[in-house]
Amino acid sequence: MSIMMTPGRVMYNLGPLDRLPLGEGRTFQIGETRIALFRTRSGEVFALQASCPHKNGPLADGMTGDGKVVCPLHGYKFHLASGEPLGNTCASLKTYEVSLGANGEILLGLDR
């Protein structure tokens, strides 16, 4: 993992996109922060907090589809792009900036 810093932001290079298979999620530990990255079957990449606010379920292990992730513990659903809960009263998930670099690497942006 490499790091690039700009005023107020830190960009982490998490490696090549193929490290994240289509339709799956993976958890990354960045300092004290655990982040779940998802790559949809259509190829979009999203970054959210790694644990469900309901019972701390590991969201990267959840099912994804139709722009949503489903917590594997209790079936709570969240919108991948916004982190908003769908049909439940949980708090919204924290979302993070994620993009692809010129060579197809996953870039994650965090505020300093």
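Buried here means under 20% relative accessible area, exposed means over 50%, and partly exposed is in between, using a 1.4 Å probe and protein chains only. The structure is a predicted model, in which local features need pLDDT of at least 70, side-chain atom pairs count only at pLDDT 80 or more, and totals for chains, interfaces and linings use all residues. Residues are numbered from 1 along each chain as its sequence is written, and side-chain values use heavy atoms, with hydrogens and water left out.

**View 1. Thr64, a buried residue in strand β6.** Let's start with Thr64, which sits in strand β6; strands are DSSP runs of E with at least two residues, helices are runs of H or I with at least four, and both are numbered from the N terminus. Thr64 counts as buried because its relative accessibility is 15%. Setting aside neighbours within four places in sequence, Thr64 is in contact with Gly23, Glu24, Phe38, Arg41 and Val69, where contact means heavy atoms within 4.5 Å. Ile3 makes a handy reference point: Thr64 and Ile3 are 61 residues apart in sequence, and their C-alpha atoms are 28 Å apart in space.

**View 2. The whole chain, for orientation.** Stepping back, the chain has 0 helices and 11 strands, and from the N terminus its elements read β-β-β-β-β-β-β-β-β-β-β. The C-alpha trace spans about 35 × 30 × 20 Å along its principal axes. For 112 residues, a compact globule would have a radius of gyration near 13 Å, and the 14 Å of this chain agrees with that; the radius is taken over C-alpha atoms, and the globule rule is 2.2 Å times the number of residues to the power 0.38. Of the 112 residues, 45% count as buried. Among contacts with a separation of 6 or more, 38% come from residues 24 or more positions apart.

**View 3. The largest nonpolar core and a second one.** A nonpolar core is a set of buried Ala, Val, Leu, Ile, Met, Phe, Trp, Tyr and Cys residues joined through side-chain atoms within 4.5 Å. The largest has 16 residues, and Leu14, Ile30, Ile35, Leu37 and Leu108 touch the most other members. At least two residues of this core come from each of β2 (9–16), β3 (24–30), β4 (33–39), β5 (45–49), β10 (95–100) and β11 (105–111). Look also for a second, separate core of 14 residues, which includes Cys52, Ala60, Phe78 and Leu93.

View 4. Asn56 is not a glycine, yet its phi is positive at about 65°. Asn56 belongs to the loop between β5 and β6 (63–65), and it counts as exposed because its relative accessibility is 57%. Asp66, also not a glycine, has a positive phi of about 55°. You will find Asp66 in the loop between β6 and β7 (68–70), where it counts as exposed at 70% relative accessibility.

View 5. Asn88 is in the loop between β9 and β10, and Lys94 is in the loop between β9 (85–86) and β10. Asn88 counts as buried, at 16% relative accessibility, whereas Lys94 is partly exposed, with a relative accessible area of 47%. Beyond neighbours within four places in sequence, Asn88 is in contact with Tyr76, Lys77 and Phe78. Asn88 and Phe78 lie 10 residues apart in sequence and 8.8 Å apart from C-alpha to C-alpha. Not counting residues up to four places away in sequence, Lys94 touches Ala47, Leu48 and Gln49.

**View 6. The surface and its charges.** The chain exposes about 6,200 Å², and carbon and sulfur atoms supply 50% of that area; the areas come from the Shrake-Rupley method with a 1.4 Å probe, and for residues only the protein chains shown count as cover. The mean positions of the 11 positive and 10 negative charges are 4 Å apart. Lys and Arg count as positive and Asp and Glu as negative, with His and the chain ends not counted; each charge is placed at NZ of Lys, CZ of Arg, CG of Asp or CD of Glu.
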